[in-house]
Amino acid sequence: MKLNRLFRWLSLESSNMAIDLGTTNTLIYTKAGGVILDENSMVALHKETKELIEAGKEVIPMLGRTPKDIIISEPLEDGVIADFKVVEDMLRFFIEKVQKKKLFIRPKVLVAVPSGITPVEKKAVINTVQEAGAREVMLVSEPIAGAVGMSLPVKEPTGHMVIDIGGGTTEIAVIALSGIVNQVSIKIAGNELTDSIQTYLYDEYNMAIGKALAEKVKKDIGAAVTTAEDREMEISGRDLVDGLPKSIKIKTNEVYEAMKEALGLIKNAMKKALSETPPELASDIVEKGVFLTGGGALIRGIDKMIQEETDLKVKIADDPLRSVVLGAGIILDNIEENRNLLMESL
Ligand SMILES: Nc1ncnc2c1ncn2[C@@H]1O[C@H](COP(=O)(O)OP(=O)(O)OP(=O)(O)O)[C@@H](O)[C@H]1O
Ligand SMILES: [Mg+2]
């Protein structure tokens, strides 16, 4: 009997999950399996019934190729839930996917959320994750989780600046003594950079390309500084004048040109955050440098761009796409010691 109860407790504990519910990517961590899910925050739905057909990376090959009765949706916008029902279905799909071999146990879930989240948005996240199958929902702000994921000593008085360039939001936060001292969040991040490449091709070449190809251009040849090694890529799309397929070669300096304005807004947000940082912490930041995470940290030369703009040292996370979920996982695995890192639920 006692053994039974212990077994039940153990299986309950091992089912606990940390989730980074990002605008572009959703990741799930468990103590037993590490990062066991890393998928696009994207779903395919029946147009009429809104029933979920597929979620995650399996949706990518469907982009731009769906029959009329199927729609593709990204149910998070700028880091927050835009469509509750769809996020709930997507999360249930992911949770069931990672629990496939177990009995369905309702896990305790720690969710990383944007630091500027409103009380209404918090409530929506908690309800949605509960509806998707969680027994208990706790929240942590993304910059704190990201900082822990980068092994920064967030509980110490020394200030650290974390810059998380995600898909929907760029969050810049100064962290000390387990909390966020000041933060700036803007809705300009990876998606905006991708959009700006599409717009550039529209304006300069009268050409339309799909989002997936624009992403590839950004990742493969894009750069945040003019001094990056030049690369070239042949891309195909549709001519806007005659409607026919067309191919062109695009170079790094053009991609830079396309992204320049959005990158400028990210630079301004950084300068704002620095100007609002108390002097004691500013001197810590001069000493320690700034810590860069999120998928946007992978843009070629982004560290150089920040360094040139601010004169600060820049360190890129070892695994920028996973720092937040890994940090949330570390917090979850030692939840009693780390309660002070959590966000108030309401
Ligand atoms: N190698 C790369 N070069 C440039 N950008 C990249 C690279 N890899 C990923 N990205 C971009 O990173 C973004 C996704 O990053 P991330 O997964 O951190 O966002 P998210 O957590 O889903 O979004 P958010 O935190 O804003 O809610 C996308 O815009 C993607 O294009
Ligand atoms: Mg993120």
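Student: What is 2.9 Å from a polar backbone atom of Gly 295?
Tutor: An oxygen atom of ligand 1. That is a polar contact (a pair of N or O atoms within 3.5 Å; within protein, one must be able to donate a hydrogen and the other to accept it, and residues adjacent in sequence count only if both atoms are side-chain atoms). This is a predicted model, where local features need pLDDT of at least 70, side-chain atom pairs count only at pLDDT 80 or more, and totals for chains, interfaces and linings use all residues. Residues are numbered from 1 along each chain as its sequence is written, chains are lettered from A and ligands numbered from 1 in the order in which they are written, and side-chain values use heavy atoms, with hydrogens and water left out.

Student: Which other glycines have a backbone atom 2.9 Å from an oxygen of ligand 1?
Tutor: Gly 167 has a backbone N or O atom at 2.9 Å from a ligand 1 oxygen, and Gly 168 has a polar backbone atom at 2.9 Å from one.

Student: And which residues come nearest to ligand 1?
Tutor: Thr 23, Thr 24, Asn 25, Glu 215 and Lys 218, out of 20 around ligand 1 (a heavy atom within 4 Å counts as near).
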